[in-house]
Amino acid sequence: MSQEPTSNFIRTIINEDLEGRKCDQVITRFPPEPNGYLHIGHAKSICLNFGLASEYNGRCNLRFDDTNPTKEEDEYVEAIKEDVKWLGFDWGEQPLFASDYFEQLYQWALKLIAKGKAYVDSQNAEEMRVNRGTLTQAGTASPYRERSVEENLQLFEKMKNGDFPDGAHILRAKIDMAAPNMNLRDPAMYRILHARHHRTGDTWKIYPMYDFAHGQEDSIEGVTHSICTLEFEDHRPLYEWFLNELEIFTPKQIEFARLNLSYTVMSKRKLLQLVNEKHVEGWDDPRMPTVSAMRRRGYPAAAIRSFCERIGVGRNASWIDLSVLEDCVREQLNESAFRRQAVLDPLKVTITNYPDDKVEELEAPNHPQQPELGTRRVPFSNELWVDRDDFLEEPPKKFFRLGPGREVRLRNGYIIKCDEIIKDASGEVVELKCSADFDTLGQNPVGRKVKGIIHWVSARHARKVPVRIYDRLFNQENPDKAENYLTAMNPDSLQLTEALVEPSLLEAKAGETFQFERVGYFTVDTKDSQVGQPVFNRTVTLRDAWAKLKK
RNA sequence: UGGGGCGUCGCCAAGCGGUAAGGCACCAGAUUUUGAUUCUGGCAUUCGCAGGUUCGAUCCCUGCCGCCCCAGCCA
């Protein structure tokens with residue numbers, strides 16, 4: 001279905017660079033920090049960076065920006081690799097790490113000190129903050145700003161050797177304390193951190209700041225187009241300052257607007273809080289906006305890719321409605337998911353003219369539009385379950401399901417007519433007595449049209465399976481607008497229930513997705529299912545024109 | 001009230017001086033043993049507002065207005 005990708009400003013820039021011979025290949029990179037799981041916003045960046053690289057026959061590096069050992073873990077590295085791979089992208093032999101460049105970065109810091117472009121500051125964090133000035137007031141120089149090169153070198157050496165506690169000193173670039181761009185007011189380059197790094201262990205006592213690392217990492221890797229989000233636009237002059245002072249290759253940075261999805265939060269800090277405080281069951285809880293959660297929920301990777309293509313890329317602060325993502329999921333699943341029948345809210349139907357001891361195995365296609373996908377057998381008997389909302393005692397005009405005296409087709413089966421309604425003492429309908437027209441299997445009756453079709457399952461043969469009905473995690477379009485986003489959580493985001501399913505579903509394997517006809521797509525949970533005992537996650541509902549009509 | 005961005009249909013988004021692509025949503029109709037899918041057709045005399053330049057402006061200039069980002073030893 002992927003037609004000519006629509007033009008966007010990044011492709012335009014790349015085309016110009018290629019034509020103007022500013023570069024002769026395209027090298028991009030996806031640089032996550034391994035401090036959390038990837039979310040759908042990262043997926044946008046992944047699809048962009050890897051997509052562009054493959055479009056232009058270039059390369060995209062997966063590089064972990066692991067410059068802050070206090071927040072990074074191997075667990076995240078592994079999870080991120082799995083997610084990128086699952087999304088369908090290939091980063092070549094091995095992923096890269098910022099920590100691979102620690103020695104080089106250190107040498108470059110030395111070079112800047114030697115050039116008189118960096119100094120060791122001994123103010124504490126609070127003093128630095130105050131002296132940085134404000135948006136409208138210039139900062140004031142640190143009393144340590146004019147230390148000699150020799151002294152700076154000595155102090156930095158000691159910082160590196162671990163002679164000082166965290167926070168005692170810091171290496172700063174000497175740029176301009178009055179710069180209107182705050183990033184240029186002598187930004188921090190290296191801080192002391194006595195922390196064990198997930199890859200370099202205890203080798204380093206000082207770690208580079210992101211701003212002193214990122215541009216150089218891209219430079220080392222020969223990244224031609226360094227694509228990042230808008231908030232880094234103000235940092236670009238700083239990166240270019242470092243690159244110029246260091247006299248090394250300057251990649252072209254291009255910024256785009258990050259993704260905002262309605263009814264969800266996207267900051268890793270908040271996602272981590274949801275996990276840590278057990279508001280959800282983990283990073284891959286199917287309600288989370290993470291890639292791993294979507295995978296577990298049953299979203300196909302292709303749906304996420306098509307979503308990223310569909311939303312495009314620009315510089316506007318855009319808000320995408322969750323329904324766009326869900327629609328991409330339907331688009332993919334409609335193609336691939338096998339059809340099955342399942343009843344979530346059962347109402348008993350007895351076929352009065354069908355022998356009590358008779359069972360038929362009706363043949364039903366796995367996919368009505370793709371006969372090559374084969375068929376399965378569905379048992380039929382005189383006692384069935386149908387869904388409660390397929391019956392109305394007083395049907396409104398446009399309702400063409402079951403009602404007193406009404407006919408309806410049983411999906412893949414006979415047409416039946418509702419002859420009698422049985423109620424319990426409280427007046428609730430508990431059973432329908434119906435008669436079947438046995439001339440309607442696989443063919444329409446002559447002389448009348450039966451428009452309604454409902455799904456069903458043979459009571460005697462049905463199997464009960466646990467089902468989880470998921471809904472949006474938040475009730476507010478933009479949870480960040482709430483005083484505290486946690487108060488915007490949807491208390492009904494998870495409903496545990498059961499479904500009565502046709503027997504073939506018991507053999508469903510973990511990760512498989514089915515369409516429960518007329519209901520939605522359901523995926524066998526990969527964590528909680530046992531062989532022969534699937535647990536289903538509702539991936540997404542089907543579009544429902546009737547629900548819309550009702551309103 | 002410093003700096004950096006952004007404003008094109010309900011939501012995204014092309015367009016880069018020659019007279020408004022596309023997708024989604026929506027509406028109408030057709031097909032349909034899923035009220036699903038599919039298929040047809042409709043859907044911005046107008047590009048935040050006001051001036052200006054020009055034969056001609058969404059595209060250039062000026063001024064307003066609105067929104068986003070920046071004052072971590074986070075990334």
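**Overall dimensions and strand pairing of chain A**

The accessible surface of chain A comes to about 25,700 Å², and carbon and sulfur atoms contribute 48% of this area; accessible areas come from the Shrake-Rupley method with a 1.4 Å probe, and for residues only the protein chains shown count as cover. The model is predicted, so local features need pLDDT of at least 70 and side-chain atom pairs count only at pLDDT 80 or more, whereas totals for chains, interfaces and linings use all residues. Residues are numbered from 1 along each chain as its sequence is written, chains are lettered from A and ligands numbered from 1 in the order in which they are written, and side-chain values use heavy atoms, with hydrogens and water left out.

The secondary structure of chain A comprises 13 helices and 27 strands, where helices (H or I, at least four residues) and strands (E, at least two) are DSSP runs numbered from the N terminus. Chain A is more spread out than a compact globule, because its radius of gyration is 31 Å, well over the 24 Å that the globule rule gives for 551 residues. The radius is taken over C-alpha atoms, and the rule is 2.2 Å times the number of residues to the power 0.38. Along the principal axes, the C-alpha atoms fill a box of roughly 100 × 55 × 45 Å. Of the 551 residues, 54% are buried (under 20% relative accessible area; exposed is over 50%, partly exposed in between; 1.4 Å probe, protein chains only). Among contacts (heavy atoms within 4.5 Å) with a separation of 6 or more, 71% are between residues 24 or more positions apart.

Strand pairing (at least two DSSP bridges between two strands) was examined in several regions. An open sheet of 3 strands has the order 1-2-3 with parallel pairing. Its edge strands, each pairing on one side only, are strand 1 (27–30) and strand 3 (96–97). Strand 1 is joined to strand 2 (residues 59–64) by 4 parallel bridges, and R29 stands opposite N61 of strand 2.

Strand 14 (residues 346–351) pairs with strand 17 (residues 383–387) in the antiparallel sense through 5 bridges, with V386 of strand 17 as the bridge partner of L347. Strand 14 also runs parallel to strand 20 (residues 429–437), with 4 bridges between them; here I351 is opposite C434.

R297 is found in helix 10 (residues 291–297) and is buried, with a relative accessible area of 9%. Leaving aside neighbours within four places in sequence, R297 is in contact with P286, R287, Y470, T523, N537, R538 and T539.

Most residues other than glycine have a negative phi. R21, in the loop between helix 1 (9–19) and strand 1, has a positive phi of about 60° and is exposed, with a relative accessible area of 64%. R518, in the loop between strand 25 (513–516) and strand 26 (520–524), has a positive phi of about 70° and is partly exposed at 36% relative accessible area.
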